[in-house]
Amino acid sequence: MSLEKLCKLIEDGDAVEAKIVTGELLNKGVDPLKMIDSLTKTMAHVGELFAKLEIFLPEIMLSGEALSAAVDVLAPYLDATGGREVKGKVVLGVVKGDLHEIGKNIVKLILETNGFIVKDLGYNVDPLIFVKEAEAMEADFIASSSLMTTTMPRQLEIIEILKSKGIRDKYKVVIGGAPTSQMWADKIGADLYCYDAKSAPELFSAALAGK
Amino acid sequence: MATPYRHWEILERSRTGKFLDENDFLPKVFSPTLKKLIKKYDIKYDPKTPCPSDEGMADRIWQAAWDLFRDVGYYNTDSHRIIEIADAEIKEALYMAQGQYTVGGGREARVMKHRSIEDTQPPFCIMSPDITVDEKYHQSMCMAYLKEPLLDGLCGPILEETFGHLIESGGPSEISGCIQHIQNQKMAARLLGRPGVFMVAVGTAEHDSGQIAVSNNEWGVQTTDARLVGSLTEFKTADTLLNRSLHYAQYGSFTGNLTGAIYGGWCGGSEGTAITTVAYSLIGLVIHGAMFNQHFPFHLNYGSNTTRELLWSIAMAGQALSRNSKLLYTSNGFANAGPMTEMLFRETAAHALVSTVTSWQLWEMASTRNKYRNRATPLEARLGCEVGHAVARQGMTREQANEIANRLLAKYENNAADAPMGCEYHECYNAAKAVPTVEHMDMFRRIKDEIAEMGVEFLY
């Protein structure tokens, strides 16, 4: 039983075994912070493989599930030692009228495995729901995806609702999706254009740091 | 078309089928089943042959696709239930399917006919920019495409604005934009003397209400035209989509089933993408009563299908469909590069070449990853369709096509990730007259000569 074996289980997407081995390692006295550090590095490696399509979506999703299973076991120990670092809180969804969610799901996975807490609102989400959920969660980011040109205006509506409520500056508004662009982000006054899933953690962290 | 009762059967099964949480459908049902079928039927991608000629594997892909559809079903995200289909129903629908349809009207009526592998009958050529365009260029671009001699059908550019208002899906602006779209297209056809030309319309409609609003034989989409109904990635539908196929059938126009299996996504690699593409043709026939299937499998990262992983999937799916059915299916090219670049012309040629010899009809050509407004022109579609006619007429074999595809790929595949964006329509076309600029035509002729030297015997 070793940390290396656990990392391999995460890479292979074996959630059941990962959960068992995580418990065993804790019982052996392995430092939970050291474990989470190794698991994060493993997931970053899996993310790199996926970015190059050396593995495909089903595989990275299984790795994500295995990581979640391990983190669930570690959570009480991490809390006892000050907790896992949370890089930011995000409400994420696909805008009203749009039913395409594969890109949003990948972004969610990449963010969660890189230390962000994500509230997934699903697809066909009313602009007001984005805002209400962000308020409830005390989110840092409101991130919306659009795959169709005729649903992109709903991203603007989120910003307009924030302005109407006088809370525009409380949140970083992020847009993404195939037809969106930096030009569209500039036009509607979004804070960040997320051009692909793999760059999301870095872009979100930089935005929060004001870079 | 499917048998008439089928729509009602499908609607019923949307309500009474097996319940499943949507979050479980793809990771726990679709992908594991597909993975098992790839192994069971020994489907293997070979990067050296973007245009393979393995007919045994083509037949196994067909069987895998059949099993996939039957075993997984089709998920309705509104009812959270699976529409299940039996073998006998697939067999019946295939028996009832026609191998050819006459589309369009009057002098412009055309026959779209099932093609065999290495068929000398040219492909049916639908041209489309597949992208959005500024309102001020919409009619010009429609006219520019309709001027193309090889065009058998037009799917016009998409509007983002209508009389200065942003079009919002599901809202009143979409209804207006859809009417403006079809009227621009029909007016362009009349002005050019092709009033009966076959149209696939309207792409501006994301919501079912937009499609339904333009069904009118006097001023809108006619019953000699076709409309598309899409799927959600992968193997999923929704009531707003089923509304369309029912409306198209009741209105009496032709239905095209629009699907793009995603390489790198839930399908996995080239093998899964090929199987899923074939299965989508069965879904189109059985679920939506589609006259034809409009496929654009694409790369998850690039949003294109001109790299070798996707050309292989297209080639194998075409052969599987041709050898085992009399269905009609169009191959929709998605290029990385933008207009008036040598890369776009080469990508289009490779896509059209591989598609044509493996039995597809052509649908050319989305450029610049189908992402940027105004970045598409008829000239790349012209090249694709001229390649299609040429390789069919000369009786090109898959082996010859494979060699030429490899030579073309060598010139562009390393640039897939950072392809040039090229120009917008009005920068390489005279938008007032709807004709290409001299510089654009010069590049077209230069790359056409290059492709001819590789062995494509252009007809003119």
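This is a predicted model: local features need pLDDT of at least 70, side-chain atom pairs count only at pLDDT 80 or more; totals for chains, interfaces and linings use all residues.
The meeting of the two chains involves 33 residues of chain B and 29 residues of chain A. Over in chain B, strand β19 has six of its six residues buried.

**Where the chains meet**

- Together, chain B and chain A bury about 2400 Å², and 60% of that is on carbon and sulfur atoms.
- On the chain B side, the residues that lose the most area to chain A are B:E206, B:W266 and B:K371, which together make up 23% of what that side buries.
- Three salt bridges turn up across the interface of chain B and chain A.
- Three elements of chain B give two or more residues to the side touching chain A: α2 (22-40), β9 (158-159) and β16 (262-263).
- Of that side of chain B, α2(B) supplies the largest share, with three residues.
- Sort the residues on that side of chain B by type and you get ten nonpolar, 14 polar and nine charged.

**An arginine tucked into chain A**

- You'll find A:R168 in the loop that runs between α7 (153-164) and β4 (172-176) of chain A.
- Is A:R168 buried or exposed? A:R168 counts as buried because its relative accessibility is 12%, and the cut-off for buried is under 20%.
- The side chain of A:R168 reaches the backbone oxygen of A:Y171, at 3.1 Å.
- Leaving out residues up to four places away in sequence, A:R168 touches A:I159, A:L162, A:K163, A:V173, A:G189, A:A190 and A:D191.

**A covered strand in chain B**

- Strand β19 of chain B spans residues 329-334 and is mostly covered.
- B:Y329, B:S331 and B:G333 point one way from β19(B), while B:T330, B:N332 and B:F334 point the other way, and all are buried.
- Strand β17 (residues 292-295) of chain B runs parallel to β19(B), and three bridges join them.
- To spot that pairing, find B:Q294, which stands opposite B:T330 in β19(B).
- Strand β20 (residues 361-366) of chain B is also parallel to β19(B), with four bridges joining the two.
- Here, B:N332 has B:W363 in β20(B) as its bridge partner.

Notes:
Residues are numbered from 1 along each chain as its sequence is written. Chains are lettered from A and ligands numbered from 1 in the order in which they are written. Side-chain values use heavy atoms; hydrogens and water are left out. Contact means heavy atoms within 4.5 Å. Buried area is the accessible area (1.4 Å probe) that two parts lose on being put together, summed over both. A salt bridge is a side-chain nitrogen of Lys or Arg within 4 Å of a carboxyl oxygen of Asp or Glu. Ala, Val, Leu, Ile, Met, Phe, Trp, Tyr, Cys and Pro count as nonpolar, Asp, Glu, Lys and Arg as charged, and the others, Gly among them, as polar. Buried means under 20% relative accessible area, exposed over 50%, partly exposed in between (1.4 Å probe, protein chains only). A polar contact is a pair of N or O atoms within 3.5 Å; within protein, one must be able to donate a hydrogen and the other to accept it, and residues adjacent in sequence count only if both atoms are side-chain atoms. Two strands pair if DSSP finds at least two bridges between them.
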